[in-house]
Amino acid sequence: MKETLEKSFKEIYGRSPEVFAQAPGRIEFIGNHTDYNGGYVMGAAIDKVVMCAAAKRADKKLRFASIKTGEIVELDMDDLTPRKREQNWVNYPLGVFKYLREAGLKAEVGFDFLDISSLPAGAGLSSSAAIELSSAFALSALYGFEADLKTKVRIGKKSENLFVGMPCGILDQGVSGFGKKDALVFIDCKTEDFSNFPLPGKCRFWLFNSTKKHALVDGLYADRHNECMRAAKVLSEGGEDRLLREFSLDDLEAVKGKLTDVEYRRARHVIEENARVLKAEELLLKGDIEGVGKLLYASHNSSRTLFENSCEELDFLVDTLKGFKNVYGARLSGGGFGGAVMALTDETFSEEDARKVAKTYAEKFGQEPKIFTCATGDGAKLC
Ligand code: ADP
Ligand code: MG
């Protein structure tokens, strides 16, 4: 991959790159809708990456090339405004450059930039965070700017939230930054602390993407957010406002009469899901993968019954996967209301098994899900 990138860079720009960096995509492992409730989430960095290369220029231009089309987008380094339409892919590294400069990176001259990817874009694997983190590493190194990993993660998120305009939480960039092969990344969304927990190397991930998306997904997402905030407000009564992460099931039971049934169930999902993430940590440290798998199924069941962000297609996939002995656990991964199911399997789960799942699904829904498999991989780094 690096050789192809270097060769293309030379063809496009007529010289060699000065720096190379790469960053992985990610899978939400457990912790569903816990982030905006100040809770806990765990993700896996995967072994598919975006890799980028850059070299300084003698003038003040920035040039971004796409390896797919060979098209070059040329900009002035002092005019950092978001690009529109077919050029909008440039906004990911461009926003990163803007916020690196705001954080203290000194750039007297511009750069040429090219990236290559083994990650499908727009498939829920966060190719966007991967390009942000790889460009944060490459551009920091290019200009000799020293920033710690957490700063780069925050700059990637800021670029996505404010420059691209996508209000994602810290999971995507946090996992792409802090990922490690044969480990998961645990994130405390309140303190933004990151840590790694071991996942045996024999584990694999299989994703079954229903390619279904609820037409009203943005509105449903906002509803869930509001329901959680209302429940937290009631739980906070008499004190300062706190998020659901601060409360236990006992606290929730004590105010049950003051909540609507829907608010109660949303809050219960979040409180129990936070507890499941903490339990997963404990089991991972003991190497109890079967136990972790059961938590994945429990997480899905809670999405299905309490949070109601699953759908018939995802439930069917999880139920089908339950029939395989070499599947430790499965759950919807991501926001829900359509999207993908993630299965954690041992190494004997095969392409043929995955095809069986896809066929059974197609018999019911008329169309096969998209299948993707990967293992864990390292977080962002120079390469
Ligand atoms: P996801 O992050 O789940 O893959 P997003 O919609 O958040 O989906 O991000 C996908 C967008 O990120 C693409 O449409 C493209 O603009 C940008 N992108 C992804 N990979 C690359 C890449 N290798 N080079 C440039 N832009 C990329
Ligand atoms: Mg994204």
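**View 1. Helices α3 and α5 cross in a right-handed manner.** The model is predicted, with pLDDT of at least 70 required for local features and 80 or more for side-chain atom pairs, while totals for chains, interfaces and linings use all residues. Residues are numbered from 1 along each chain as written, chains are lettered from A and ligands numbered from 1 in written order, and side-chain values use heavy atoms, without hydrogens and water. Ala129, Ala130, Glu132 and Leu133 of α3 meet Asp172, Gln173, Ser176 and Gly177 of α5 (heavy atoms within 4.5 Å). These contact residues comprise 3 nonpolar, 3 polar and 2 charged.

**View 2. Helices α10 (residues 312-322) and α11 (residues 351-365) pack at an angle of about 140°, with axes 10 Å apart.** The α10 and α11 crossing is right-handed. From α10, the contact involves Glu312, Glu313, Phe316, Leu317, Thr320 and Leu321; from α11, Val357, Thr360, Tyr361, Lys364 and Phe365. Of the residues in the contact of α10 with α11, 6 are nonpolar, 2 polar and 3 charged.

**View 3. Ligand 1 has 15 residues around it (a heavy atom within 4 Å).** Asp115, Gly122, Ser126, Ser127 and Ser128 come nearest to ligand 1. An N or O atom in the side chain of Asp115 lies 2.9 Å from a nitrogen atom of ligand 1. Oxygen atoms of ligand 1 are involved with Gly122, through a backbone N or O atom at 2.8 Å, and with Ser127, through a side-chain N or O atom at 2.6 Å.

Terms used
Axes fitted to C-alpha atoms, helices over the stretch in contact; angles between N-to-C directions. Helix = DSSP H or I, 4+ residues; strand = E, 2+ residues; numbered from the N terminus. Left-handed = near helix turned anticlockwise from the far one by under 90°. Nonpolar A, V, L, I, M, F, W, Y, C, P; charged D, E, K, R; others polar. Polar contact = N/O pair within 3.5 Å; in protein donor to acceptor, adjacent residues only side chain to side chain.
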